[in-house]
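Please keep the sequence and the model in view while reading.

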Amino acid sequence: MTSTQARRMRRPVLQAAIDAGARCTKADPDLFFRAEGEPPATWQAQRAEAIRFCHGCPVRAACEELALRDGDGNDRVDDLVRGGRSGYELVALRELQAQRLAAAITADEASDQEWRKLRDLAVKLGREARSMPTRSGGMPHQAVLLRQQNERIAELAAKLAVVRTARRARTGWEVAA
């Protein structure tokens, strides 16, 4: 995966790529973080080893992009390596790419909201489809209740289709695979 590809991905896709292919899942996590009170010379050697380890990772670009979006790194304390970058380097990159990162974070948040909307509509649709309208004294005939339920189901399904279609069109998946 290239940096350009990683920059175009939304947060869940980046995280899924990291979860599926990161080399560090089999490494000691302490390699990537400075221990409290660790001498600078020891940390510099450890940091260099961690950076070398990251450079062989197939999802390094995704990890770096997620680190930038997450705000990892500190300009006052050198205490981590993520995506093959030290904390200082992450801060510098974040400053250079502030506008792009702000747009990516906004798109991530919008995508999350859209995903919640899809999920909520699907849950409502499922509940409505599973419910069985019952009539009681003075209520309309069962056929009328079923017709009303079918109308609600059709309305929810239509709303769900609108969100899915817009999402597919925006991401290049106009036709479902």
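## Serine 86 and the basis of the model

Serine 86 belongs to strand S2, which covers residues 85–86; strands (E, at least two residues) and helices (H or I, at least four) are DSSP runs, numbered from the N terminus. With a relative accessible area of 6%, serine 86 is buried, a term that means under 20% relative accessible area, with exposed being over 50% and partly exposed in between (1.4 Å probe, protein chains only). Neighbours within four places in sequence aside, serine 86 is in contact with Arg47, Ile51, Asp78 and Leu80, where contact means heavy atoms within 4.5 Å.

The model is predicted: local features need pLDDT of at least 70, side-chain atom pairs count only at pLDDT 80 or more, and totals for chains, interfaces and linings use all residues. Residues are numbered from 1 along each chain as its sequence is written, and side-chain values use heavy atoms, with hydrogens and water left out.

## Helix H4 and helix H5

Helix H4 (residues 60–70) and helix H5 (residues 87–96) have axes that come within 10 Å and cross at roughly 75 degrees. Axes here are lines fitted to C-alpha atoms, for helices over the stretch in contact, and angles run from 0 to 180 degrees between N-to-C directions. H4 is therefore roughly perpendicular to H5; this label covers 65 to 115 degrees, while angles under 35 count as roughly parallel, over 145 as roughly antiparallel and the rest as oblique. On the H4 side, Glu64, Ala67 and Leu68 meet Leu90, Leu93 and Arg94 in H5. By class, this contact has four nonpolar, no polar and two charged residues, with Ala, Val, Leu, Ile, Met, Phe, Trp, Tyr, Cys and Pro counted as nonpolar, Asp, Glu, Lys and Arg as charged, and the others, Gly among them, as polar.

Glutamate 64 lies in helix H4 and is buried, at a relative accessible area of 7%. Apart from neighbours within four places in sequence, glutamate 64 is in contact with Gly83, Arg85 and Leu93. Glutamate 64 and leucine 14 are 50 residues apart along the chain, and their C-alpha atoms are separated by 9.8 Å.

Among the buried residues of H6 are Leu101, Ala104, Asp108 and Ser111.

H4 and H6 pack at an angle of about 90 degrees, with their axes 10 Å apart, so the two helices are roughly perpendicular to each other. In this pair, Glu65, Leu68 and Arg69 of H4 meet Arg100, Leu101, Ala104, Ile105 and Asp108 of H6. Alanine 104 has 6% relative accessibility and so counts as buried. Leaving aside neighbours within four places in sequence, alanine 104 is in contact with Arg10 and Arg69.

## Nonpolar cores

A nonpolar core is a set of buried Ala, Val, Leu, Ile, Met, Phe, Trp, Tyr and Cys residues joined through side-chain atoms within 4.5 Å. The largest has 11 residues, including Leu14, Ala17, Ile18, Val59 and Leu66. Helix H2 (11–21) and H4 are the elements that give two or more residues to this core, and H4 gives the most, with four. Another core, of eight residues, lies apart from it and includes Leu31, Trp43, Ala50 and Cys54.
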